[in-house]
Each structure stands twice: as C-alpha cells, then as structure tokens.
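Here is a quick walk through one chain, from its overall layout down to a few side chains. Have the model open as you read.

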Amino acid sequence: MTKQHELREEPRNELTTNVSVFRADDLSYVGLLLNCSDKGMMFSSYESIEPGTELGLELVDVRPASELHRTGFCKIEVVWSKPLTPSLYSVGCRLHSPCPTMHTMIRSYRQAS
C-alpha cells in the first residue's frame, strides 16, 4: 500500500487535549479540534460545512488538572468536509487571521506532539 500524497503545505500537529470549537458570532458549539498547523486545521462537526464557507471561530482549551484555560480566535475557510460516521463529519480548513493566543496554542500543540 502506498502512502497518499500529502497536499498540506506543512504537517499538522495532533492534539493530546480536548479543544472545543465554537462559532464566534453566536458561540454555538461546532465540535472538537483534531489537528492544526500555522496554516490549517481539521475539526469534527455534527454538521457538514460546505467547502468555500468562511467562519469566525473561537477555540477553547481547558485543562482542569493544570488550571490552564486558553481561548483563541481565528477565521477559517472550509476546504473539504467528509463524513466520519453517519452523524459526524471531519472538516478541513485554511486558517486565516489567528489571534496571538491562537498562535501560542498552535505552538504548544507542536511541542507536545
């Protein structure tokens, strides 16, 4: 079996913590962040999101054991959305306009992986 050609511009960091994803405009829950890099991310969602959709997101990383709570904001453009299960989708995105805290979060995930 051959490895599929990697289309990403840079490798993604796998997460070792739960990071919740919300729509920034109404704070409705979208899903969980699965991986990320400085230029993109993939998250799970209960809804299929059409490619080309642009969204403002709020990402919340809460680690009760360490009392760490970080919130990052960014804009994304959906590149693809595909079913993981009949009721759960994975959504691949380009990352635009991340706030400084989001950059810090991404760097910390890179160091942890």
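## A buried arginine and its partner

R23 counts as buried, with a relative accessibility of 17%. Keep in mind that this is a predicted model. What does R23 form a salt bridge with? The partner is E47, and the closest N and O atoms of the two are 3.1 Å apart. R23 sits in strand β2 (residues 19-23), while E47 is in the loop between β4 (40-45) and β5 (54-63), so this pair ties together parts that are 24 residues apart in sequence. E47 itself counts as partly exposed, at 35% relative accessibility.

## The overall layout

Reading from the N terminus, the order is β-β-β-β-β-β-β-α. Of the 113 residues in the chain, 36% are buried.

What about contacts along the chain? Taking those between residues at least 6 apart in sequence, 54% join residues at least 24 apart.

The structure holds three salt bridges. Side chains of opposite charge can pair when their charged atoms come close. Besides the R23 and E47 pair, there is one between D61 and R70, with the closest N and O atoms 2.9 Å apart. Are D61 and R70 buried or exposed? D61 is buried, with a relative accessible area of 0%, and R70 also counts as buried, at 13% relative accessibility.

R94 forms a salt bridge with E77, and here the closest N and O atoms are 3.6 Å apart. R94 lies in strand β7 (residues 88-96) and E77 in strand β6 (residues 68-85), so the pair ties together parts that are 17 residues apart in sequence. R94 is partly exposed, with a relative accessible area of 42%. E77 is partly exposed too, with a relative accessible area of 21%; the cut-off for buried is under 20%, so E77 does not count as buried.

## The nonpolar core

In soluble globular proteins, nonpolar side chains tend to be buried together. In this chain, the largest nonpolar core has 23 residues. Which of them touch the most other members? They are L33, M41, F43, L57, L59, C74 and I76. The elements giving two or more residues to this core are β2, β3 (29-36), β4, β5, β6, β7 and α1. The largest share, four residues, comes from α1.

Leaving aside neighbours within four places in sequence, L57 is in contact with V21, F22, R23, A24, M41, F43, G72, F73, C74 and I76. That list includes R23, the arginine that pairs with E47.

## A look at the helix

Helix α1 spans residues 100-112, and I106 is found there. I106 is buried, with a relative accessible area of 1%. How far are the C-alpha atoms of I106 and L15 separated? The separation is 9.5 Å, with the two residues 91 apart along the chain.

How values were computed
Residues numbered from 1 in each chain as written. Predicted model: local features only at pLDDT ≥ 70, side-chain atom pairs only at ≥ 80, totals over all residues. Heavy atoms only, no water. Salt bridge = Lys/Arg side-chain N within 4 Å of Asp/Glu carboxyl O. Buried < 20%, exposed > 50% of the residue type's maximum accessible area, 1.4 Å probe, protein only. Core = buried A, V, L, I, M, F, W, Y, C linked by side-chain atoms within 4.5 Å. Contact = heavy atoms within 4.5 Å.
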